[in-house]
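Please open the model in your viewer and keep the sequence panel beside it, as the tour below moves from one selection to the next.

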Amino acid sequence: MGEPRTDLRIHLIGVLTLAALGGLAAQLWNVTVRKHQYYSSQILNSSQVTVRIPSVRGEIKDRNGLTLVRNRASYEVDFLLPAIVQSYRKSFGALPTTQTVRPNLRGMAEEKVETDIVTVVNASIVPKLSKMDLSEPYSSSKLVAHYKTKPVVPFTYREDIDFKTLAIFAERDLGLPGIKVGQKPVREYVYGALAAQILGYVGEPRDVNELPDISDYTYYEADVEGKVNLELTLDDYLKGKPGARVLKKNVKGQIEGEIREDPPERGSDVYLSIDARIQYIAEEAMRSVGRGAAVVVDPNNGEILAMVSVPSYDPNTFIPSISVKDWNALKNADADPLTNRAISAYAPGSTYKIPIALAGLKAGEGNDKFYCSGGVTYGNTYMKCWIADKGGSHGSQDLSTALKNSCNAYFYQYGNATGIDQIDAVGVALGLGQKTGVELSYENGGILPGKDWLAQNYPRERWSNGYTANTSIGQGFVLASPLQMAMIAATVANGGVSYYPTLVHKIVHPDGTEIRKPGRIRTDLRNEGLTEEQIEKVRKGMWRVVNEEGGTAKAARVPGTVVAGKTGTAQFFRDGKKDNHTWFISFAPYDKPTLAVCVFIQGAKSGGGTAAPIAAKIIKDTMALQTGYDPGLKPLKPAVGSFAFIESINFERDVPAAAAAASDEETAEHTSGASDQRVASRGKSKRSDNDAPDIKQEADSRPQKVRKAEPVATPRKRSFWDFFRGKPKPTPAPANSRNTRS
């Protein structure tokens, strides 16, 4: 009776055993055959590490193909830390250690024992370099941080070494493990400070951990990125594609060699609308003042041909890094060389009478005459015309004559007859009170004041005729940038088409394909209620400003070229001292304009005596390019800032200088009652920490102590008989170990 049950159990066990073996066989087939590719790649990945190679940035050129920014070879002395550690271990047996306190995954403080990389380098490498007079102080904290986060990436010990030092390294063939002379491309701004506030500068990313491809590599070496201006706004075009080094790792996690290297790809080249020759002409002209800006625009498409801001800086100072001291001195300088004044906002003075004139024409006031008796009273305030303090008056005037005379009294009345709503409508069409969208950082859109703006910013006040009068002469709450005023001059020059300004002409990809940047129209005033005849009235008024006797800009005349323009002087005080802002907007030639120019100066007497001569110099030399004139383009040193008050400028002298000659134009001190210092000027720019270039970490204040590395006996392997000898005594810690807390 028991035998059948026994046989059944045996058969059941056999079936289960066979089923289990079958399952194992199936799983073995699944792992070794079906998923062979997957597990092979996993094994391969576990035996490889990838190191990201930064991409190479594209070049920045002017509209004619002249290179303004390129990459140059920078030679540096690098430490390959894994090789240095391995060499130390072979020579001295055990590695020196240090204890650090670091947070664990739960955020709790945890003591960890780590390799003392500073002692390793100081004991095994620095003494040998010192004997050859090739050592220099370095930041030990930077070395420690580098070894903890990216040990396979070379640590830069000395950067941008000169040819003499490079020759010494090459000649002596150091033969030190873990030391190599590396080469990497770094940015070079070919013409020094030329166009510095346009081009910008580059630096390392502020937070590498936030980069999108951080998880694609075992060790990550980031690209430099644009920090401000064109280097930043065009970063997606300029940056290329990274490469990678694939290294072989043994079972102990040590690097044994390189499997392959995939080289990085170069970024696209950007061709600017800037003409380097015109840029140079404008920068040389603007060096006659200590603070100011100039913009030159093609009125037929909105392309910016030159943009200058004084004072300036040399972006090469940041390459490959800048000291903390020099960076702080630059960003905290009183004259603020990092700020691009061409896109900053200031009270535009009488140049603002041009958009006021257009608004009045649209409102039907273009044929009306107004009388200047020396001033106009609004409420309890008598608002004078500039001519009143000279004992005169302008009498009855039409629009064209009032532009020629820059009569404040006329425009007080003309503006109020037009109405602030109509003024704001035309201002919006011209791009006032809003950013132009130019490809630069920190553009200020200025202020286009009106009833809504006042209610939002000063809710206890109500708009009045006095506010409209102030607005009509470009003071009070009004703020505009030199770029905005240059675009207004361009709009009048071409007969009413308002373009969006641009600094980019085209982009050329590495494969040769191009992206063109055609002109973009913001508004055509002829579609906004203005006729060609009305716009011509404003053009004619600007012609009279320069070319008729009694005009306020005789200094803007250029032999052989008919110039039209408008002067402006806005009252401003700095620390209780007069610091007027003077302007001149213009276009030329009158019949077929190819240039629109705005010049802005801080700390000067009048637009006619200071800004107009600079604009004339720019126009004269730029027009001469067509007949073969060579401006002598060369690298420029930074323009030095100054708070000296400029009376007048005369380029007929050997050196442009302030002169005591009287101006024939209105000056701001004669416009009593016409200013509101609450918004007289845009202040110093507030910069973000993200703008910071690569700031060189200071070397240790004291030379690193070079500890003599003593050979450490390799611990003897224990044998069977050690069991009977008792527990061995603990070995004391090495003399060169350190305890640190971080």
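Where is the place of aspartate 62? Select it in this predicted model, and you will find aspartate 62 in the loop that runs between strand 2 (60–61) and strand 3 (67–79). Aspartate 62 is buried but has no salt bridge, the nearest side chain of opposite charge being that of arginine 277, 6.0 Å away. Now show the backbone nitrogens around the side chain of aspartate 62: a polar atom of that side chain lies 2.8 Å from the nitrogen of leucine 66, and a polar atom of the side chain lies 3.0 Å from the nitrogen of alanine 276. Beyond its neighbours within four places in sequence, aspartate 62 is in contact with residues including Tyr271, Leu272 and Ile274.

Next, select threonine 436, which is found in the loop between helix 16 (420–429) and helix 17 (451–457). Is threonine 436 buried or exposed? Threonine 436 counts as buried because its relative accessibility is 5%, under the 20% limit. Its side chain makes a polar contact of 2.7 Å with the side chain of glutamate 443, and the side chain of threonine 436 also reaches the backbone nitrogen of valine 438 at 3.2 Å. A C-alpha to C-alpha line drawn from threonine 436 to leucine 483 spans 8.3 Å, although 47 residues separate the two in sequence.

Centre the view on valine 538, and you will see that, leaving aside neighbours within four places in sequence, valine 538 is in contact with Ile354, Ala357, Leu358, Leu361, Leu403 and Val492.

Finally, display the aromatic rings, for which the count comes to 22 pairs. Phenylalanine 318 and tryptophan 327 form an edge-to-face pair, with 5.7 Å from centre to centre and 80 degrees between the planes. Phenylalanine 318 is buried at a relative accessible area of 1%, and tryptophan 327 counts as buried at 5%. Move on to tyrosine 467 and phenylalanine 477, a tilted pair at 5.3 Å centre to centre and 55 degrees between the planes. Tyrosine 467 lies in helix 18 (residues 465–472) and phenylalanine 477 in the loop between helix 18 and helix 19, so this pair ties together parts that are 10 residues apart in sequence. To finish, select Trp453, Tyr458, Trp463, Tyr467 and Phe477, which ring pairs link into a cluster.

How values were computed: Residues are numbered from 1 along each chain as its sequence is written. This is a predicted model: local features need pLDDT of at least 70, side-chain atom pairs count only at pLDDT 80 or more; totals for chains, interfaces and linings use all residues. Side-chain values use heavy atoms; hydrogens and water are left out. Helices (H or I, at least four residues) and strands (E, at least two) are DSSP runs, numbered from the N terminus. Buried means under 20% relative accessible area, exposed over 50%, partly exposed in between (1.4 Å probe, protein chains only). Lys and Arg count as positive and Asp and Glu as negative; His and the chain ends are not counted. A salt bridge is a side-chain nitrogen of Lys or Arg within 4 Å of a carboxyl oxygen of Asp or Glu. A polar contact is a pair of N or O atoms within 3.5 Å; within protein, one must be able to donate a hydrogen and the other to accept it, and residues adjacent in sequence count only if both atoms are side-chain atoms. Contact means heavy atoms within 4.5 Å. Rings of Phe, Tyr and Trp (its six-membered ring) pair if their centres lie within 6.5 Å; planes under 30 degrees apart count as stacked, over 60 as edge-to-face and the rest as tilted.
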